[in-house]
Amino acid sequence: MKILVAVKRVIDYNVQIRVKEDGSGVVTDNVKMSTNPPDDNAIEEAVKIKESGKATEVVAVTIGEEKAQETVRKALAVGADRGIHIKADGVIEPLAVSKILQKIVDKEKPDLVFMGKQAIDDDCNQTGQMLSALLNWPQATFASKINVKEGKLEVIREIDEGLETIEINTPAIVTCDLRLNEPRYASLPNIMKAKKKPIEQLNASDLGIDITPKIQQIKVEEPPKRKAGIKVSSVAELVQKLKNEAKVI
Amino acid sequence: MGRESMEYDVVIVGGGPSGLATAIKLKQLDSKLNICLLEKASEIGAHILSGNVFETRALDELLPNWKELNSPIKTKVSKEKFLFLGKNRSLSWPTWLLPKVQQNHNNYIISLANLCRWLGEQAEVLGVEIFPGFPASEILYNDEGSVKGVATQDMGIDKEGNQKDSFEPGIELLGKVTVFAEGCRGHLGKQLIEKFKLSEGKDPQQYGIGFKEIWEIEDKNHEEGMVTHTAGWPLDNNTYGGSFMYHAENKQVFLGYVIGLDYKNPHLSPYDEFQRFKTHPAIRKIISGGKRISYGARALIEGGLQSLPKMYMPGALLVGCDAGTLNMPKIKGSHTAMKSGMIAAETIIEKIKENKSLSGYEEKFKNSWAYKELHAARNVKPSFSWGLILGIIFTGIDQILFKGKLPFTLKHKHADHETLKSANEMPKIDYPKYDNVITFDKTSSVYLTGTNHADNQPVHLKLKDPDLPISYTLEKFDEPAQRYCPAGVYEVQKENDVNKFVINSQNCIHCKTCDIKEPSQNITWVTPEGSGGPKYGNM
């Protein structure tokens, strides 16, 4: 069984995001970039399945500028076998990502495709679902537990009401929740070994698909600053203020 | 579980200017050498903070074609000012009357973090193996006592010291020579200085704490290439310190403050002095209407030659400010740090190829321009122990008339942890409230550093005696850690009328001030789990 895992390079979750002065986007120059956190869970799960003997190969794929390769390299350092880097500049929207991944699935013929439930930069939460539609494969989104069975997957999903257990046939798409596992650390010897693992590079423009953005981004701005709170001296005053000033009751 | 080990020709601890210069020079001298460089930050540059007005002298020697290599050194200093501040006034000191070492017209305003990122790329192109996110936490010794390498930190240890599921043991990295380039108050360098008695016969080391904020300011207030330094207000005559304001590219100014850690009043809060300084009319007019985008702090070395330890020992060398090569009157250390690394590289090649002793490092350093600079600079900092006014008068005589060649050397008498007077002897300082426009509280400042440490790991700020902060330091000094820490790590909280000392180690921005200033030397900074700490951008 082969597992394809899609990973994305995003601004590190600890970095305080800064909006460009002209409102055209956020500042990325000299900003620490990392793998999208739930993508780390996706890689970890794939590697665990391989270690349990139920998969034979884990392939990590990413789309983006030259430096996005680091994200694949990181996946290789925690146990992926080989990588694919699809070179593309600028904004690639979820539909374009899904179409690119569809091409890679046609080429690689994996049994499972894993990815994070969403990326922390655009928060779209669409790629897995769109890929599932394009391939006409079953999908299990927000997975917090995966049990691999013969030709089937049992997946526990994180949903608003609690947990939902579903069973789907493979091949399938799974998008991973942060609760799925605890990603391992890349050890120093494994980082060195990862430098020798192969990464195939392809150009998005050579895949014969339209990846131009369909959404026009008009403006990016910071959320409005929260106003300072006030202290009230009694419940009566609170009720009075909620009624007359905030007008919420 | 046993640790794996890997052998290299040279192991370098720390990816700042000195460590990276060592690595690059080594590869230039012998491209076949296997060199590994460890960095505790998540990437090269993420723990680097500096002013920085950069003198290119060492870089000119190391990579003469730096201009063609797309280096991030772009903004030449175009104009300079030195201001004495009174509470509401400022007096401009003519630049031509400044000592030559404080004139900057051939220098550049840079982000040292970005310079290090670029140096890291140059080193990787040459084949240096760089491992960010791997702090060296332990020194390894041969049986006969020489240094044989370092071990990286175990990953995946919980608060109580137990192994988590994700446990990953550290690795032993063994080198024919190990180079320690951790920067000011390196926690391994400190152990080496003690074990090999490297500072015997030297004056106690002197430190400062430096703050830096980056502001994006209005066009009309921005003058790219402009460099301003100030002395005076808000500090009193007996406290050593001053500010810098550098107009960098992209409408940014690098605004900072440095205070000598030999200050005496335990009520002094370096952070609040810096915040207050920004409200001075001469400073406020530049930054008003602007936006603060970064904050950080780091301790720096101020001791100079008198405090410089021996820089070699069996199997290892100290470079840059892990030893203490900063030139205080010049307010610069990057060039001397790089130079010390380059000299270290030459020494290491002779050691590996001709089996010459590492002691050659000291002699080579003594013959270099870096040493001559430090020698000429040596009397400036100690003269300020007489106060700002006498310090300036003496410095004028020493630096302008005698060009640093006076036939005597002043001494540093005390270590910085010995200088605090008791809280009840010293005046309390009433700092103004933060306005959230020009001045900000520590919490919102720390937020800008992007600092983070994985949850559930041991506290990396160790107390030798856990009761001392409350039983002694609070009583005697009003627990100054609450004020000297620039990140709000230390708090004294009252719980059911009982005082409790709280360490918020996840806030730590790795400045090392607590390790230096704690009056009983009760706090020891050790490496947290890899990648922890600030995520500085263009600091």
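Reply: Helices here are DSSP runs of H or I, at least four residues long, numbered from the N terminus. This is a predicted model. Just after H2(A), A:Gly79 takes a positive phi of about 130 degrees.

Me: What makes H2 of chain A largely enclosed by the rest of the structure?

Reply: A residue is buried if 20 or more other C-beta atoms lie within 10 Å of its own. Seven of the nine residues in H2(A), residues 69-77, are buried, so the helix is largely enclosed. The buried ones are A:Thr71, A:Val72, A:Arg73, A:Lys74, A:Ala75, A:Leu76 and A:Ala77.

Me: Why are H1(B) and H3(B) called roughly parallel?

Reply: Angles under 35 degrees count as roughly parallel. H1(B), residues 17-29, and H3(B), residues 112-125, pack at about 20 degrees, with axes 10 Å apart. The pair is therefore roughly parallel. The crossing of H1(B) and H3(B) is left-handed.

Me: Which residues make the contact?

Reply: H1(B) brings B:Pro17, B:Leu20, B:Ala23 and B:Ile24. H3(B) brings B:Leu112, B:Cys116, B:Leu119, B:Gly120, B:Gln122 and B:Ala123. Eight residues of this contact are nonpolar, two are polar and none is charged.

Me: Which residues have the most contacts inside the largest nonpolar core?

Reply: They are A:Val5, A:Ile43, A:Ala60, A:Phe114, B:Val13, B:Val179 and B:Leu317, in a core of 189 residues. Helix H7 of chain B, residues 334-354, gives the most to this core, with eight residues.

Me: What does A:Val5 touch, not counting residues up to four places away in sequence?

Reply: Its contacts include A:Ile43, A:Ala60 and A:Phe114. A:Ala75 is also among them.

Terms used
Residues numbered from 1 in each chain as written. Chains lettered and ligands numbered in written order. Predicted model: local features only at pLDDT ≥ 70, side-chain atom pairs only at ≥ 80, totals over all residues. Axes fitted to C-alpha atoms, helices over the stretch in contact; angles between N-to-C directions. Helix = DSSP H or I, 4+ residues; strand = E, 2+ residues; numbered from the N terminus. Parallel < 35°, antiparallel > 145°, perpendicular 65-115°, else oblique. Left-handed = near helix turned anticlockwise from the far one by under 90°. Contact = placed C-beta atoms within 7 Å. Nonpolar A, V, L, I, M, F, W, Y, C, P; charged D, E, K, R; others polar. Buried ≥ 20, exposed ≤ 12 C-beta atoms within 10 Å, placed from the backbone. Core = buried A, V, L, I, M, F, W, Y, C linked by C-beta atoms within 7 Å.
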